[in-house]
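Good morning, colleagues. Please have the sequence and the model in view.

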Amino acid sequence: MSDRPASRETLGAESGIRCMWMRGGTSKGGFFLADELPDSEAERNALLLRIMGSPDVRQIDGMGGADPLTSKVAVEKASSRPGVADEYLFLQVFVDEAIVTDAQNCGNLLAGVGPFAIERGLVTPTEDETRVRILMKNSNQIAIATVQTPGGCVTYTGDARIDGVPGCHAPVPLEFCDTSGSTCGALLPTGNRIDVIDGVECTLIDNGMPCVVLRAKDVGVTGYEDRDALDANVSLKARMEAIRLKAGPMMTLGNVAKQSVPKLMLVAPPRQGGTICVRSFIPHRAHASIGVLGAVTVATACLVAGSPAAVLAIIPAGLRKTLSIEHPTGEMSCVLDTDETGAVVSAALLRTARKLMDGKVFP
């Protein structure tokens with residue numbers, strides 16, 4: 001028997017790896033400390049695939065919930081950067097493919113990042129609320145989460161409600177700054193308000209999430225279908241994937257066949273008193289609602305004059321605009337601050353989070 005200490009990877013298989021399972025917004029996943037995962041990216045990804053049970057459409061041999069929205073991971077560590085408390089890396093673990101990607105942010109899971117950082121001692125709570133300044137490592141951008149910490153402890157109980165999540169919980173306001181072009185290098189990476197791909201007018205845009213925004217009617221649907229109907233429409237999904245694959249290089253993303261971005265956003269006129277109605281694909285399945293940064297990017301597209309979104313949207317007046325993005329399970333309100341030219345300078349949304357489990361997971 002060898003006296004050599006077991007590696008971190010071997011110990012994980014035998015004694016488990018500490019993690020917290022949390023719901024953040026309308027997503028959920030595993031939250032890990034960076035120094036408790038393998039240093040090697042390949043070994044880390046292999047470990048996370050085992051933890052989630054991928055590739056398998058049911059993820060039956062792991063913690064994943066057989067849906068991209070429940071097959072997510074947050075990796076955190078305390079930051080040594082001035083003015084930053086916590087560093088957050090988001091990883092999307094594919095369900096039916098052996099792929100783990102850091103090509104995008106996740107604004108929903110972000111709602112759990114501040115609470116987790118406080119619970120793990122990365123951030124010291126301050127009075128009844130704690131503002132956690134977070135570096136989103138996927139895009140090197142900053143977000144600020146305000147966490148309820150009465151008595152110096154995180155609470156998940158409150159009166160805030162968001163569409164797509166049952167019940168009420170403690171509010172977690174999220175603020176985003178300087179997200180324009182976070183992945184693609186520019187808000188409009190082609191420099192155009194409209195690009196035509198396969199005969200369809202699209203806006204290729206990135207305000208925190210690379211998105212292809214197009215009118216639902218231009219690809220043969222209304223934009224009011226439910227998730228199941230869209231997922232069952234094989235010809236629609238094939239046409240949209242063809243558009244996405246061509247959009248990828250145009251957005252400086254290269255070959256996106258095995259990437260989770262850009263997202264596809266089908267827009268239609270609002271029906272429930274909002275700004276615009278959206279059906280989001282992430283990228284090959286219809287979203288049950290819409291991602292946080294996807295909503296911010298679509299809201300921004302509504303302000304791009306002449307774009308497919310802008311011609312359908314109902315836009316409020318003023319430099320500070322609250323844009324209600326209608327989705328299959330309700331709406332998401334985005335508060336956008338704009339300058340005199342109409343450019344978006346910051347965005348804020350309300351999310352909630354809840355701790356579901358704290359313990360060890362066995363890969």
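Let me begin with helix α6, residues 292-301: 10 of its 10 residues are buried, so the helix is largely enclosed by the rest of the structure. Buried here means under 20% relative accessible area, exposed means over 50%, and partly exposed lies in between, with a 1.4 Å probe and protein chains only. Helices (H or I, at least four residues) and strands (E, at least two) are DSSP runs, numbered from the N terminus. The buried residues of α6 include Val292, Leu293, Gly294 and Ala295.

Some remarks on the source. This is a predicted model, in which local features need pLDDT of at least 70 and side-chain atom pairs count only at pLDDT 80 or more, while totals for chains, interfaces and linings use all residues. Residues are numbered from 1 along each chain as its sequence is written, and side-chain values use heavy atoms, with hydrogens and water left out.

Leu293 of α6 is among the residues touched by Asn105, as are Phe90, Met136 and Gly208, not counting residues up to four places away in sequence; contact means heavy atoms within 4.5 Å. Where does Asn105 lie? Asn105 is found in the loop between β5 (100-101) and α3 (113-119). Its relative accessibility is 2%, so Asn105 counts as buried. Its side chain makes a polar contact of 2.8 Å with that of Ser139. A polar contact is a pair of N or O atoms within 3.5 Å; within protein, one must be able to donate a hydrogen and the other to accept it, and residues adjacent in sequence count only if both atoms are side-chain atoms.

I turn now to the salt bridges. The structure holds 15 of them, each a side-chain nitrogen of Lys or Arg within 4 Å of a carboxyl oxygen of Asp or Glu. In one, Arg227 and Asp67 meet at 2.7 Å, N to O. This pair links distant parts of the chain, 160 residues apart: Arg227 is in helix α4 (residues 227-232), and Asp67 is in the loop between α2 and β3 (72-78). Are these two residues, Arg227 and Asp67, buried or exposed? Both are buried.

Another salt bridge joins Glu87 and Lys137, with the closest N and O atoms 4.0 Å apart. Glu87 lies in strand β4 (residues 86-93) and Lys137 in the loop between β6 (129-136) and β7 (141-148), so this pair ties together parts that are 50 residues apart in sequence. Glu87, at 6% relative accessibility, counts as buried, whereas Lys137, at 37%, counts as partly exposed. Together with Lys77 and Arg81, these two residues are linked in a network of salt bridges.
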